[in-house]
Amino acid sequence: MTLSFNRNVVRWIIIISSFIIISLILWNTYIFFQNFKAEERSKMRNWSFAQKEISITKNLNDDFGELPLEIITSNTTTPMIKVNDDGSIDYNNIDEEKAKDSLYLVGLIEKFKKENRPIEIKYKNKVLSMLYYGNSPLLNKLKYYPLALLLIIILFAAVVYFFYRSAKTADQNKLWTGMAKETAHQIGTPLSSLVGWTEILKTEQVNPDYIQEIEKDIDRLKTITERFSKIGSAPTLEKMDIVEATIDSYDYLKSRSSKLINFEIIIPEHQIFVDLNEQLYSWTIENLVKNAIDAMKGKGDLKVELFQVEKQVFIKITDTGKGIHKNQFTKIFEPGFTTKKRGWGLGLSLAKRIIEDYHNGKIKVLESEIGKGTTIQITLKVLS
C-alpha cells in the first residue's frame, strides 16, 4: 500500500514539475517574442526619424550626413510601405514584381496594420507620411517557435506514455502467464487423485457408463491444464484435419449444454488440413460457443458452419442472441471489454490472440443485429 502510494506521489510530482517547466518555457518564449517585437519597433522609429531628417535636409538643400543614410540602408529585413502626404508610395524589402500591383500593396498595408501600429512621420505637427511595417522573417519564425516546442513536448509525452503503457502491459502479461501456469500446477494434484479414484471405481462394479462420463471430464480437465500450462509459450502447430477438430469440440459442448439450445452443424464430409494446435483451437470454439449461449440467455438456436473457399477455410458461429452494436464489433475482442455483469472480458480477447497471433488467421464479427443474433467468423489458411 505504502509503495503504491509513494509511486503515485512521485508520478504526480513529475507531472506537475513537467507542467511548470513547460509553462515557464512558453512564458519566457512569449516574453522574448514581445521584447524582440518592441526592439524592432524601436528600430523602425529610428528609421522614421532618419527618413524625416533626410526629407527636411533635402528641402533645405543641406547635407544630411552619413548617419541617417546608414540607418536607412541598414534595414534589409523588415518589410515596409511609406505613404506620403501627396499620395505617393515608397516601399522597402518587398518583392519588386508584386509591388507593381497597387491592390497587392493595399492588401499589405492592411496586413501590416494588424501586425504593428503605423508610425507617423511628422515635422512641425504636420504628418509628412505614414509608415506601415510588418514583422521581419526572423520574427515570423519566432512566432511559431512556441507551437513547435509544444508539438515536440506532446510527441515526447506520447512516446513516454506508450512506453509506460507497453511496460505495464508486459508486466500484466507476465502476471497472467504466471497465474495461468500456477493454476495448471494446482489443478494437476487433484487431477492425479481423480484418476486414481476412477481406477478404484472400476473395481467396485460401478455402472461403466458413469465411469466413462467421469473419464471424459478427467480428459477435459487434462486438456484445460495443458492449455493453461502453455500460456506465454509459443504453441506447436501440426498438420491436422480441422473438420474433425471442430466436430470433437462441437460434440463435447453440445453434450454439456442446456437442452433448450438447438444445436446445428453444417460441415463438409471431406478432410481439410491446416496448421493447428488442437487444444488452443478447441479453446477458441469453446469460448465462442459459450459467449453465444450467454447472449441467448441459455435458450435459442446455435449454428456452427465450416466451409472452404479456395485456399481458406471459414468457421462461422451464429446465435439468436441479443446482438452487438456496430461500434462494438472490434471492441469485444479487447481485453477487459464485457457486457456481462460478472464477466472478465478475457474469452474473446483470448480467442483473437489464439487465432491471429498463433495461427496467423483472422477472427471478426461478420454480422449482427440487435435482438436477432450475431455471427462470428474465423478464417484460416488451408495447407496445399
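Two strands count as paired when DSSP finds at least two bridges between them. With that in place, Val83 stands opposite Met130 in E4. The model is a predicted one.

Start with the pairing around that position. Strand E1, residues 80-84, and strand E4, residues 126-133, are joined by 5 bridges and run antiparallel. They belong to an open sheet of 4 strands, ordered E2-E1-E4-E3, with antiparallel pairing. At the edges are strand E2 (89-92) and strand E3 (119-123), each of which pairs on one side only. From one strand to the next, the twist averages 20°. Helix H4, residues 102-115, lies across E1, E2 and E4, and runs at about 105° to E1.

H9 covers residues 278-295, which is 18 residues; at 1.5 Å a residue it should span 26 Å, and its end C-alpha atoms are 26 Å apart, so the two values agree. Of those 18 residues, 14 are buried, so H9 is largely enclosed by the rest of the structure. Lys297 follows H9 and has a positive phi, near 55°.

Which residues of H10 are buried? They are Leu348, Ser349, Ala351, Ile354, Ile355 and Tyr358. These buried residues pack against H9, strand E10 (362-369) and strand E11 (373-381). After H10 comes Asn360, with a positive phi near 55°.

Conventions. Residues numbered from 1 in each chain as written. Predicted model: local features only at pLDDT ≥ 70, side-chain atom pairs only at ≥ 80, totals over all residues. Heavy atoms only, no water. Helix = DSSP H or I, 4+ residues; strand = E, 2+ residues; numbered from the N terminus. Expected span 1.5 Å × (residues − 1). Buried < 20%, exposed > 50% of the residue type's maximum accessible area, 1.4 Å probe, protein only. Contact = heavy atoms within 4.5 Å. Axes fitted to C-alpha atoms, helices over the stretch in contact; angles between N-to-C directions.
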